[in-house]
Amino acid sequence: MSSERTKPNYLFIALSVLGALFILFFGLRAFRAFKKFDGHRPPFPENLQTDVNDIEDWMTIPFISHNYGVPPDILFEALNIPDRENHKKSLKQINDEFFATQDGYVLETVRATILAHQPPAPPDSPNEPGAPLGATPPTTP
Amino acid sequence: MSDFLLTQVINYGAPLLGVILMLGGIGIPVPGTLLVIAAGAFVRQGYLTWYTTALISIVLVVIGDNISYSIGYLAREKILLRFSHTPRWIESEKFFQKWGALSVFFTRFLVTAIAIPVNLVAGTTRFPMNRFLLFDILGEVMWIFGYGGLGYIFGSQWELVNDFISNFGGFALGIILFVIGLRQARVWQLKKQSLSN
């Protein structure tokens with residue numbers, strides 16, 4: 001009876017092993033994320049976003065338009081689709097619905113249109129339109 | 001699913017965010033932390049207003065938590081039929097009466113993966129409702145303002161913050177599991193020693 005009571009409880013051994021695995025796995029991932037995250041200082045308090053690489057598939061045209069200061073009708077016109085039924089759809093939904101054979105077409109078109117139509121950056125801004133935050137301006141030969 | 005929910009949050013704003021967080025509080029698996037961080041960034045971008053977003057989110061997530069607490073509370077009789085006299089049940093009830101407040105508080109924002117089991121156990125062990133509510137609100141305020149604040153500070157780079165925080169949550173859970181395992185191993189060792197003496 002007493003030997004049964006002192007039998008090691010395998011549930012707690014499994015908990016410790018699982019805990020150690022979690023510590024290793026998530027610890028390494030958190031460390032890697034922290035290193036990436038540490039290299040990115042909070043952006044300047046800009047009113048408009050400038051880096052088109054931040055545009056993602058889940059965003060809608062009005063949302064992108066709001067963040068980058070380019071009117072939505074310019075973006076819809078560039079995609080050659082009507083505004084009315086599509087303003088709540090994500091770029092991915094639009095791509096799947098209208099350009100199913102061209103993977104990533106909508107994302108690329110929106111990025112290119114933003115770059116072409118973005119309002120010029122204010123003179124004291126450290127960034128050119130379309131340049132990633134903190135990027136050095138291109139030199140002309 | 002995260003992408004779909006992000007699209008809907010930018011379409012329907014704070015009310016939808018609140019409903020999603022409430023469903024998360026009930027126990028439906030939704031990427032709540034990701035949405036809170038993203039909402040902070042949307043506030044920064046001028047797409048949401050901070051006070052309505054924070055207020056709606058806190059109220060609805062607290063309602064969700066209290067629903068899962070109530071589920072545990074109502075299920076008590078059935079659970080007692082099976083476990084009521086086992087030493088482990090008595091031990092866990094004592095543990096929760098002692099550490100319940102801190103468990104509720106920290107699982108709201110630090111170890112969110114076990115927030116639902118904690119709500120259910122709190123209800124089942126009849127942890128006082130008013131204390132649950134107090135620590136739940138405090139923890140959720142930390143979650144919404146802390147994580148939403150990080151999203152606000154990092155703006156368009158909120159995904160980097162989310163990547164770090166979600167992994168850190170797993171790391172914290174690992175520490176908790178490991179410490180519980182070690183503690184029980186120590187209890188077992190002491191019991192063995194006392195029996196052999």
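Domain bounds, as used in this tour, come from an automatic or database domain assignment. The structure on display is a predicted model, with an ipTM of 0.71 and a pTM of 0.75.

**Stop 1: the domains of chain A**

**Stop 2: the fold of chain A**

Display chain A as a cartoon. Its secondary structure comprises 6 helices and 0 strands, so that the order of elements from the N terminus reads α-α-α-α-α-α. Of the 141 residues in chain A, 22% are buried. Among the contacts in chain A with a separation of 6 or more, 54% join residues 24 or more positions apart.

**Stop 3: the side of chain A that touches chain B**

Now show both chains and select the residues in contact between them: 35 in chain A and 34 in chain B. On the chain A side, helix H1 (2-5), helix H2 (10-38) and helix H3 (61-68) each contribute at least two residues.

**Stop 4: chain B and the largest nonpolar core**

Turn to chain B and colour it by pLDDT: the mean is 86, and 98% of the residues of chain B reach 70 or more. Next, select Leu35(B), Ile37(B), Ala38(B) and Ala39(B), the residues with the most contacts inside the largest nonpolar core, which has 60 residues. Helix H2 of chain B (residues 32-44) supplies the largest share of this core, namely 9 residues. Why does this core lie between domain 1 (8-38) and domain 2 (52-117) of chain A? Both domains give residues to the core, and it therefore lies between them.

**Stop 5: the surroundings of Ile37(B)**

Centre the view on Ile37(B). Setting aside neighbours within four places in sequence, Ile37(B) is in contact with Tyr147(B), Gly148(B), Leu150(B), Gly151(B), Trp158(B), Val161(B), Asn162(B) and Ile165(B).

**Stop 6: a second core**

Finally, select Tyr69(B), Val118(B), Ala122(B) and Phe127(B). These residues are included in a second, separate core of 11 residues.

Conventions: Residues are numbered from 1 along each chain as its sequence is written. Chains are lettered from A and ligands numbered from 1 in the order in which they are written. This is a predicted model: local features need pLDDT of at least 70, side-chain atom pairs count only at pLDDT 80 or more; totals for chains, interfaces and linings use all residues. Two residues are in contact if their C-beta atoms, placed from the backbone, lie within 7 Å. Helices (H or I, at least four residues) and strands (E, at least two) are DSSP runs, numbered from the N terminus. pLDDT is the predictor's confidence in each residue, from 0 to 100. A residue is buried if 20 or more other C-beta atoms lie within 10 Å of its own, exposed if 12 or fewer, and partly exposed in between; C-beta atoms are placed from the backbone. A nonpolar core is a set of buried Ala, Val, Leu, Ile, Met, Phe, Trp, Tyr and Cys residues joined through C-beta atoms within 7 Å.
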